[in-house]
Every structure is written in structure tokens, then in C-alpha cells.
Amino acid sequence: MGCRHARVKLCKWYAPQIDKNLAIAEWPTDTDETGKTGFADYVLFVGLQPVGVVEAKKINTDVCGKLAEAQRYSIYFNLDHLNAEIQARAANDAEHQKVAEQLQTRNSYQITWKESKEPNARSYKIPFVFSTNGREYRRQLLSKSGIWYRDVRKVSNQAKALPAWHTPGELKAKLDGNIDAAQQWLETNEPTGLGLRYFQKEAITATEQAIKKGQQNILLAMATGTGKTRTAIALMYRLIQSRRFNRILFLVDRRSLGEQALNSFDDTRINDVPFNTIFNIKGLTDKFPSDATKIHVSTIQSLVKRTLQSDEFMPVERYDCIIVDEAHRGYILDKEQTDGEMEFRNQLDYVSTYRRILDHFDAVKIGLTATPALHTTDIFGLPVYRYSYRKAVIDGYLIDQAPPIKIITKLNQNGIYIDKGSEVTRLTSQGELIQDTLEDERDFEVASFNRDIIASNFNKIVAESLATKLDPTGKQKTLIFCVNNTHADNMVIELREAFKKHYPNLEHDAIIKITGESDKDPKKIQSMITRYNKERLPNIVVTVDLLTTGIDVPSICNLVFLRKVKSRILYEQMKGRATRLCPEVGKVNFTIYDAVDLYDSLESVDTMRPVVVRPKVELNTLVNEITDSQTYKTLEADGRSFAHHSHEQLVAKVQRIVGHGVFNQDKSAQIDQSIKRLDTVLAGAAGCDFASLAQTLKTKGPEQSAEIFTQLPKLVENLEHLKKQINELRHEPIFTDIEDELIEFKEGYGDYDNAEDFLEAFDKLVEQSENSQAALQTVITKPKDLTRKALIELQEWFDTQSFDESTLRVAWKKTTNQDIAARLIGHIRRAALGDALLSFDERVNNALAKIKHQKQWSDEQLKWLERLANSLKEQVAIDDDTFKTGNYRRRGGKRKLDAIFNNELNQVLEQFNNYMWEQPA
């Protein structure tokens with residue numbers, strides 16, 4: 001608890017004492033609204049100051065609901081009794097005499113906080129209230145476990161459950177802090193001078209407002225490449241500078257992301273001062289922050305060891321704010337336990353370790369992600385601010401994707417079929433080829449390539465095809481996603497051979513693999529990533545999972561998918577590796593090469609469901625459960641005992657081992673020997689052989705089955721060993737050298753086979769949706785009224801229908817042989833009104849020329865006309881928000897510009913919109 005406990009009635013020996021932290025039992029309360037007095041179960045004192053009050057209950061009590069009792073103790077706390085105790089001690093104690101003298105002039109402990117905003121509301125006298133029943137914190141039993149706690153100083157503060165008690169020092173620090181002053185600082189000092197873009201400032205402001213409202217879990221959704229880390233740095237600076245938080249944890253799930261964050265701390269300047277020199281920052285090698293540490297960067301794996309797997313106590317308020325980078329990864333929900341599972345199984349098996357870490361700390365948690373899914377929002381809530389990929393493209397901060405290019409070969413189009421009983425070659429984990437016979441016919445689609453079947457010629461054809469499209473000697477880089485490390489190694493070999501035919505002098509390091517297995521030393525792997533980012537070589541990198549998220553290499557212009565991806569979130573993260581601007585390498589868009597029919601199986605974000613922890617209950621656990629007499633007394637929802645449920649699971653597990661063991665017995669001498677040993681052992685104690693073990697256990701029931709395992713203490717160990725042997729054999733992929741050939745490179749048009757069908761579907765969608773989409777109607781009838789917000793929402797809606805500007809442009813060129821850089825709005829008006837399709841820049845230039853010829857403009861006005869035209873080319877629509885950013889804001893915003901145009905800015909903007917959409921003669 002962090003305090004001494006006094007489990008007796010209050011007497012002089014258990015009065016509060018200077019410089020001691022005490023939990024004093026049965027402190028008297030004043031007369032309540034019913035006219036009665038009573039006793040608080042415990043009052044927590046830091047020295048002479050009462051800081052907390054505790055309601056203690058029996059273990060099965062709903063502890064959440066009893067927090068109201070602790071709040072009543074706080075309201076009716078007997079301050080007179082405290083003052084009397086101090087006065088009584090003053091006669092014989094010099095220090096208490098000083099305190100008593102102070103009490104005569106001002107009662108320093110009589111600070112109170114209103115229960116509500118009502119005029120006649122009662123007041124709390126103690127700031128922190130607790131209720132507990134002694135049960136260890138369990139998320140599945142949230143209302144009946146943990147230490148429920150509430151800071152009553154603000155009426156908006158919510159109650160929460162904690163896994164451990166605050167220390168006295170933590171409670172004192174909370175009490176001494178001035179949240180109102182910190183919040184006032186944040187509101188008075190806007191996020192300027194931090195080198196932020198407008199949307200980063202908006203994200204920071206939205207986060208600070210959520211903190212002000214008392215929100216404990218906050219989510220920021222910002223597209224990959226829009227500076228989430230930069231935003232986090234500025235946010236940390238403000239939250240610490242304002243003293244709103246004392247220490248912030250920046251939590252990552254990979255060491256490479258932590259190194260990248262620390263490098264960003266080195267590179268970022270706040271008011272021209274390096275960020276890492278402003279505050280005391282601890283890095284990945286520092287296990288515990290010092291008192292002076294303000295920011296600590298840690299991996300989740302390291303924090304799990306220090307918090308959940310260490311004998312050293314981790315205070316719940318070591319960090320009062322946690323910023324979770326890439327919050328979409330790994331944070332998963334918990335599986336609900338049955339009554340029997342709660343009583344007899346380890347609850348830690350049912351809870352994500354990531355979730356346990358988040359639950360451990362009494363801190364505000366801020367999640368950062370580009371791709372919030374349902375399991376992300378279930379933990380962090382809906383985003384308080386969202387800056388989408390499409391909006392970033394329109395703003396010019398990210399680049400758009402070119403239509404994907406499909407690599408179609410004979411094998412990935414037709415698949416690979418192998419008959420039942422066919423002799424096949426398997427590749428072992430040791431790299432050896434062994435013979436096997438297929439138990440069933442197998443039809444391998446491309447998703448199984450390099451996972452269940454290794455088709456070496458498919459890899460070879462893909463490599464040769466890429467060698468005709470990519471330039472490994474240039475500045476534009478390529479990232480290739482493979483199935484696993486074996487696949488990655490094979491692809492590096494194939495790629496080097498293929499590219500050597502086209503580039504005989506190609507350096508060896510132009511093509512390399514970067515995965516978690518590239519080197520034993522994580523620092524050397526990080527060095528490889530840094531080289532990929534900052535040096536000319538490597539140019540083509542092959543990876544598996546290491547570089548799928550969080551890694552910033554702006555010069556990546558090509559992504560190659562050689563592995564099937566079902567998760568839309570993982571796909572968006574992988575795609576995000578190529579969305580960053582990089583004009584110095586001539587990057588105008590990025591291209592995806594798809595060799596695995598990627599888009600056929602991608603889930604919609606809306607259909608993604610949270611992953612739930614499904615604990616793998618071991619055989620030994622199930623055997624222990626049917627052996628424990630108490631499990632027969634616990635009934636589950638169907639009326640049967642927990643032991644019977646465990647027995648069912650045990651039989652099913654044994655049946656799977658038996659089935660696979662018997663099938664593979666003649667394929668492996670090791671498996672055959674293991675089964676024969678089991679036959680001998682089982683014959684005596686169970687009266688059966690290995691093949692009939694599962695049926696025997698089922699027939700005998702849980703109690704007699706328990707006797708068999710008691711008589712054969714090594715039986716579980718032998719079954720587990722056999723299972724391991726079977727799995728090693730079953731998981732070995734088939735190797736085939738069946739021939740393959742390239743059929744074609746094909747540009748992708750979403751769900752449509754060709755450009756004509758794609759354009760026809762777009763035109764039909766415009767026609768059908770005009771009345772249901774307000775922004776679409778505006779584009780067609782009054783384009784001058786279109787706002788940037790409405791335009792972005794419209795483009796995002798078309799994105800969800802798989803229609804984007806890049807693909808529309810390519811489809812139009814393919815169909816008409818005209819390469820016209822029209823924008824989405826132009827294609828909509830062509831489809832709806834039959835407008836001629838013109839380059840958008842040409843439309844803006846035509847409008848600008850007409851406006852210039854209308855009258856004599858001043859030099860300053862002409863300059864601003866040019867700037868307005870450039871803004872239109874970049875953003876398509878200009879509204880009031882445009883003038884709050886960039887040069888417009890720095891030059892005084894819309895009001896200043898309106899004065900430059902003699903209060904006729906709105907008329908100028910209307911003329912631009914009218915002239916842009918005039919039909920050419």
C-alpha cells in the first residue's frame with residue numbers, strides 16, 4: 001500500500017505524526033445527513049495531512065459501487081478531531097507546537113472541494129478516495145477487483161480501477177500540483193514557434209482539450225508520413241513545459257522505432273534549441289527513469305519485463321502520461337472467462353500483456369496511429385483528431401499512388417494442383433529435402449506460395465519481371481515484402497541474378513535483405529535501416545515484417561507485394577512506407593507491384609474485428625483440472641462441472657495428437673518410435689494402445705481419466721514430445737520446380753478488368769449518387785461554392801469506392817490516348833454534364849489570364865493573384881481555412897488580403913471559380 005496499516009481503533013499511538021505515512025483505521029466522521037456519526041475504514045496520512053480515505057469490503061463485494069461510501073467519508077471527515085489530536089500533542093512536542101500555532105491563525109488542512117456545481121453542494125475534505133475488497137485487479141472482473149480510485153477535486157474526474165496503490169509521495173505530488181494553472185498555460189500559449197504545420201497544431205490543441213475535459217484515453221489518427229512523431233515531440237514539450245505532466249513515457253513496440261524516435265529528438269529544434277537538450281530524456285537502455293527524467297523512451301517488451309516480470313515494484317504513477325506510438329499494433333481485447341476458468345486458471349493467460357501495461361499506470365494514455373481499427377478505438381476511444389491520407393495529398397504533404405501494376409504469371413493465375421497420394425519433396429527447417437506422400441489432394445493458390453509450397457520458378461519469373469521495370473542504380477528506391485525469412489533469402493538470390501543480366505556492373509549491396517534476423521545485434525540492423533534511408537545503397541531492400549510500419553525512408557518509390565495481406569490496416573501501414581514526399585529523387589507518385597492478387601482478399605476497415613486473446617490451454621493444465629476435486633464442485637452455465645468441461649477439451653486435444661500421429665507414423669522413424677513407446681506404457685495403466693487413447697479417455701470420464709494420468713506421471717510429457725515431432729513434419733513446405741512464365745504486366749483498375757469498364761462504372765456512380773451526396777451536387781451545379789472540407793470528404797468517399805484521381809487519369813489515357821492531368825472535380829463534371837476534360841492547371845491559368853485582363857492591377861495584387869492561382873492548383877478549392885495557413889497566415893490572413901484587394905477578395909475568388917468551369921469555345 002505504501003503506508004503502514006493500523007487495524008485498531010484510533011488511539012494516541014495511532015494519531016497522525018510528522019514525517020510519517022500512516023493508514024489509520026476507524027477515523028471518526030462528523031454527523032451526516034441522517035444525524036448519525038460513524039467511522040471511516042482507513043484514512044491515509046502523509047505526515048499530518050489527510051490525503052486519502054479508504055472503504056474496505058469483503059472480497060466478493062462490488063467494489064466499484066462502494067466508492068460512494070469513501071466519498072461520504074471525505075465529505076464528513078472529522079477535521080476537529082484531527083485538530084484536537086495535534087493540539088494534544090503540542091504540549092510535549094516542539095514540532096507539533098509549531099503546527100498548533102499555525103492552526104490558531106489558519107487551518108492549513110481545511111481545503112475543500114465542491115461535490116458538484118450546484119450552489120448548495122456539499123464539500124469534500126479529503127482529495128483522494130479509494131475502495132477495495134482485496135481482490136487482485138482483473139479486467140474481466142472490473143467492478144469487483146482492483147483498487148477503485150477517484151480524485152474528487154474536480155467534479156468531472158472519473159473513477160478508475162488500479163492494480164496497485166499509489167505511494168504516499170505520488171499522492172502528495174498530485175496534491176501539490178496545479179492542474180488549473182497548467183491548463184491555463186496551455187490555453188494562453190498557442191503552439192507557435194515549434195515549426196508545426198497547421199494540422200499538427202490542430203492535433204495538439206484537440207489533445208490538450210481532451211485532457212482538460214478529463215479524458216483518460218485519447219487517440220490521434222494521422223496519415224503515415226504527416227509527422228506523428230514531430231507532433232508528439234511538440235505535444236510532450238508543451239505538456240511538460242506547462243507542468244501538466246511530470247514524466248512522459250513514449251512507448252514503442254520495436255527497438256528500431258525507439259531509435260528512430262530518439263534520433264528525431266536529436267534533430268528537432270524547439271525555438272531553435274535541440275529538443276533533447278531542453279529536458280532530461282532517457283533512452284532504450286535506461287531501465288528506470290531518475291527523478292529528473294522528464295521523457296523516457298521504452299519498448300513494450302522492456303516495460304513488460306520491468307513491470308510484470310520483476311520483483312521490483314513499479315509505481316502506478318511512475319509516468320503520468322503515456323504516448324503509445326503505432327497504437328494499432330498489438331493492443332488487443334481480452335477473452336471473457338467462465339466461472340471455472342476464473343477460479344482455476346491463470347487470468348494472465350486471458351489478458352493481453354500490452355493491455356496489462358496500459359492498465360497498470362494511473363496515466364493519461366495517448367495513442368498515435370495512421371490506421372485506427374475497432375480494437376484500437378475500443379481501448380483509446382474514437383479519434384479526437386483525424387488527418388487523413390487523402391487530405392494530406394490534397395494539402396501537398398503526401399504523394400498519391402499510381403494505379404497498381406499486377407505481375408501475372410502462369411502459376412499465380414492458375415495455381416498449383418497436386419493429387420492425393422502424390423510423392424512430394426518437403427524442405428525441412430534445416431534446409432534438407434525429404435520425401436513425403438500427400439494425405440489429400442492439394443490446390444495451392446498464390447496465397448500459399450512460399451508459405452505452404454515453394455515454387456522456385458515463380459520467384460525467378462517475378463525477379464526477372466521486376467528487373468525490366470526497376471533501376472537499381474538510380475535514386476528511387478524499392479521495398480519488397482516477402483512471406484518469411486527463407487522466402488526473403490531466396491528472393492535476394494533471384495533478384496541479384498536477374499538484375500545482373502541488365503546491369504552487369506551492379507554492386508553486391510544494391511540488393512539486400514533487412515529483417516529481424518539480418519543480424520544478432522539490433523544496433524547493426526538499425527544501421528542497415530539508416531543506410532537504406534541516407535545512402536545510395538542499398539537501392540532494393542527485401543523484408544518481411546520489420547519494415548512494415550514506422551520506418552521513414554522518403555525515397556521509396558516502389559513497393560512490391562510478394563505476400564498476401566488480408567488486414568487492411570497492415571496493408572495501409574505497408575503502403576505508408578512510400579507516401580512521403582521526396583522531390584530530390586524525382587518522386588511524383590509511388591507504384592505498387594502486385595504479384596499475389598493483393599486486392600482480392602483485402603478486408604474493409606469497417607469489417608475488421610478486434611483480435612481476442614485465445615489462451616492455449618496446455619495438456620498439463622487440463623490434467624491438473626480434472627485431478628483437482630474442487631473443479632467438480634464448480635458448475636458452469638450448462639449445469640455441468642468445470643472438471644467435465646476440462647475433460648472434454650483434454651479428449652479433443654489428445655484426439656488431434658492421435659490422429660496426426662497415426663497418419664504420420666510411417667513417414668518418420670522418430671514418430672514411429674515415440675508411438676511404440678506409448679503403446680507399451682498405456683497397455684498396463686490404461687488398457688489401450690496409443691491409437692485408442694482418446695476414445696478410452698472419453699469413455700472413462702474425467703475421474704477415471706485423472707487416475708490414468710496419476711499412474712503415468714510422464715504421459716503428458718511424452719504426448720507433448722510427440723506433438724512437437726508431428727508439427728515439425730507437418731510444417732515443412734513442399735518444394736517444386738514446376739515451370740512458370742510471365743503472362744503480362746497489367747495495370748490495376750480496382751474491381752474492373754480494363755480502363756473502359758472502370759470509367760463506365762465511375763460515370764454510373766456519379767449519375768446514381770448526385771442526389772445522395774451533397775458535395776457531388778455542388779460540384780455539378782455550383783462548383784464555386786465547394787469548400788475544401790467538402791472536397792476532401794468527397795474525395796475520401798470516392799476512395800472508398802476505389803476511384804481516385806491517379807487511376808482516373810491512367811484509365812482516361814488508356815481509353816482515349818490523351819494524358820490529361822484533370823482533377824476529380826473535372827471527371828465528375830465530364831460524367832454528369834459532358835464538360836470537356838481539361839488539365840486543371842490549364843483551367844486555373846485560363847481563369848487567371850481573364851482576371852488579369854479585366855482591369856489594371858497593382859504589382860502587389862498581381863503577386864497575390866498568382867499565389868491564389870497556385871493555391872487552387874494545389875488544393876482545387878479555396879475557403880476561409882486556406883487563409884489560416886502558410887504565407888496567408890504569416891501575411892495577416894484573409895482580412896489583410898481583403899484589404900489588398902480593396903475589400904473585393906470574395907469577388908476575385910468567385911471570378912476564379914466561374915472562369916475555371918466555363919466551357920471552352
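Asn817 sits in the loop between helix 28 (805–816) and helix 29 (824–833). In this predicted model, Asn817 has a phi near 65°, a positive value in a residue other than glycine. Asn817 counts as exposed, because its relative accessibility is 68% and the exposed class starts over 50%. Elsewhere, seven strands build an open parallel sheet, and strand 27 (540–543) is covered on both faces.

**Backbone features in loops**

- Arg243 also has a positive phi, about 65°, although it is not a glycine.
- The loop that holds Arg243 runs between helix 7 (228–241) and strand 11 (248–252).
- Arg243 has 71% relative accessibility and therefore counts as exposed.
- A cis peptide bond links Leu537 to Pro538, with omega near 5°.
- Pro538 belongs to the loop between helix 18 (522–534) and strand 27.

- Five bridges join strand 11 to strand 15 (residues 295–299) in the parallel sense.
- Within strand 15, Thr299 is the residue opposite Val252.
- Helix 6 (residues 198–212) lies across strand 10 (217–222), strand 17 (364–369) and strand 18.
- The angle of helix 6 to strand 18 is about 175°.
- Helix 8 (residues 255–267) lies across strand 11, strand 14 and strand 15.
- The angle of helix 8 to strand 15 is about 155°.

**Helix 8 against helix 18**

- Two packed helices are described by the angle between their axes and the distance between the axes.
- For helix 8 and helix 18, the axes come within 10 Å and cross at roughly 60°.
- Helix 8 is therefore oblique to helix 18.
- The crossing of helix 8 past helix 18 is right-handed.
- On the helix 8 side, the contact uses Arg255, Ser256 and Glu259.
- On the helix 18 side, Pro522, Lys523, Gln526 and Ile529 meet them.
- By class, the residues of this contact are two nonpolar, two polar and three charged.

**Helix 25 against helix 29**

- Helix 25 contributes Leu759, Phe762, Asp763 and Val766 to the contact.
- Helix 29 contributes Leu824, His827, Ile828, Arg830, Ala831 and Ala832.
- Seven residues of this contact are nonpolar, one is polar and two are charged.

- Strand 25 (residues 477–481) pairs with strand 27 in the parallel sense over four bridges.
- Val542 of strand 27 stands opposite Ile480.
- Strand 26 (residues 511–513) also pairs with strand 27 in the parallel sense, over three bridges.
- Ile540 of strand 27 is the bridge partner of Ile511.

- Strand 2 (residues 21–29) and strand 3 (residues 38–46) are antiparallel and share eight bridges.
- Ile24 has Val43 in strand 3 as its bridge partner.
- Strand 3 also runs antiparallel to strand 4 (residues 49–56), with five bridges between them.
- Phe45 faces Pro50 of strand 4 across this pairing.
- Strand 3 and strand 4 form a hairpin with two residues between them.
- Gly47 lies in the turn of the hairpin and has a positive phi of about 65°.

Key: Residues are numbered from 1 along each chain as its sequence is written. This is a predicted model: local features need pLDDT of at least 70, side-chain atom pairs count only at pLDDT 80 or more; totals for chains, interfaces and linings use all residues. Side-chain values use heavy atoms; hydrogens and water are left out. Buried means under 20% relative accessible area, exposed over 50%, partly exposed in between (1.4 Å probe, protein chains only). Two strands pair if DSSP finds at least two bridges between them. Contact means heavy atoms within 4.5 Å. Axes are lines fitted to C-alpha atoms, for helices over the stretch in contact, and angles run from 0 to 180 degrees between N-to-C directions. Angles under 35 degrees count as roughly parallel, over 145 as roughly antiparallel, 65 to 115 as roughly perpendicular and the rest as oblique. A crossing is left-handed if the near helix is turned anticlockwise from the far one by less than a right angle, and right-handed if clockwise. Ala, Val, Leu, Ile, Met, Phe, Trp, Tyr, Cys and Pro count as nonpolar, Asp, Glu, Lys and Arg as charged, and the others, Gly among them, as polar.
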